Amino acid sequence: MKRYLIFAALVPPLGGFWMLLTTSVMSGYWGHAPSLSEAAKLLAVFARTVPYGYLFGILPALMLGAVDDILFHVKRIGWRVRLLIVGAVAFIVAELLYGSRGPDSGAVQFIMYGLVGFIPGTISSWLAHETVEPPVAA
């Protein structure tokens, strides 16, 4: 149960922040040297959109937690491989959901929108490994 709480607590704000950063990069907002006031605006927008991140991100976060939990019960898969599988699933799903946004297309857009899922998925999977799973005696 702790695994699902970790995913539900971390994935929406991390994914929401990376989504905000990605959309601002893709729109050309960071095309010049960013100033401190622009970074403050970005953080202010993020603070106002956190509830929406939870509203739209809680279900995908719990689905990623379920993938992590299922892979945890496959004993032949180590935690590092599980972390990469969860990250790859999150990358693919985020790319399919958000990759066609905006007029641009190409490798940068593909990677940036894929990282919207990969970063929070791998961080949550690693944190679940560190906090939920019992230590292995060597």
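Me: Is Arg 82 buried or exposed?

Reply: This is a predicted model, where local features need pLDDT of at least 70, side-chain atom pairs count only at pLDDT 80 or more, and totals for chains, interfaces and linings use all residues. Residues are numbered from 1 along each chain as its sequence is written, and side-chain values use heavy atoms, with hydrogens and water left out. Buried means under 20% relative accessible area, exposed over 50%, partly exposed in between (1.4 Å probe, protein chains only). Arg 82 has 2% relative accessibility, so Arg 82 counts as buried.

Me: Which residue meets the side chain of Arg 82 in a salt bridge?

Reply: A salt bridge is a side-chain nitrogen of Lys or Arg within 4 Å of a carboxyl oxygen of Asp or Glu. For Arg 82 the N to O distance is 3.1 Å, and the partner is Asp 68. This pair links helix 2 to helix 3, 14 residues apart; helices are DSSP runs (H or I, at least four residues), numbered from the N terminus.

Me: Which residues do salt bridges with shared partners join into one network?

Reply: Arg 3 forms a salt bridge with Asp 68, with the closest N and O atoms 2.5 Å apart. Arg 3 lies in helix 1 and Asp 68 in helix 2, so the pair ties together parts 65 residues apart in sequence. Arg 3 also forms a salt bridge with Asp 69, at 3.7 Å between the closest N and O atoms. Through shared partners, the network joins Arg 3, Asp 68, Asp 69 and Arg 82.

Me: What is the distance between the end C-alpha atoms of helix 3?

Reply: The expected span of a helix is 1.5 Å times one less than its number of residues. Helix 3 has 20 residues, so it should span 28 Å. The end C-alpha atoms agree with this, at 28 Å.

Me: Which residues make up the largest nonpolar core?

Reply: A nonpolar core is a set of buried Ala, Val, Leu, Ile, Met, Phe, Trp, Tyr and Cys residues joined through side-chain atoms within 4.5 Å. The largest has nine residues in all: Ile 6, Phe 7, Val 11, Ala 61, Leu 64, Leu 71, Val 86, Ala 90 and Ala 128.

Me: Is Phe 46 buried or exposed?

Reply: Phe 46 is found in helix 2. Its relative accessible area is 18%, so Phe 46 is buried.

How values were computed:
Helices (H or I, at least four residues) and strands (E, at least two) are DSSP runs, numbered from the N terminus.
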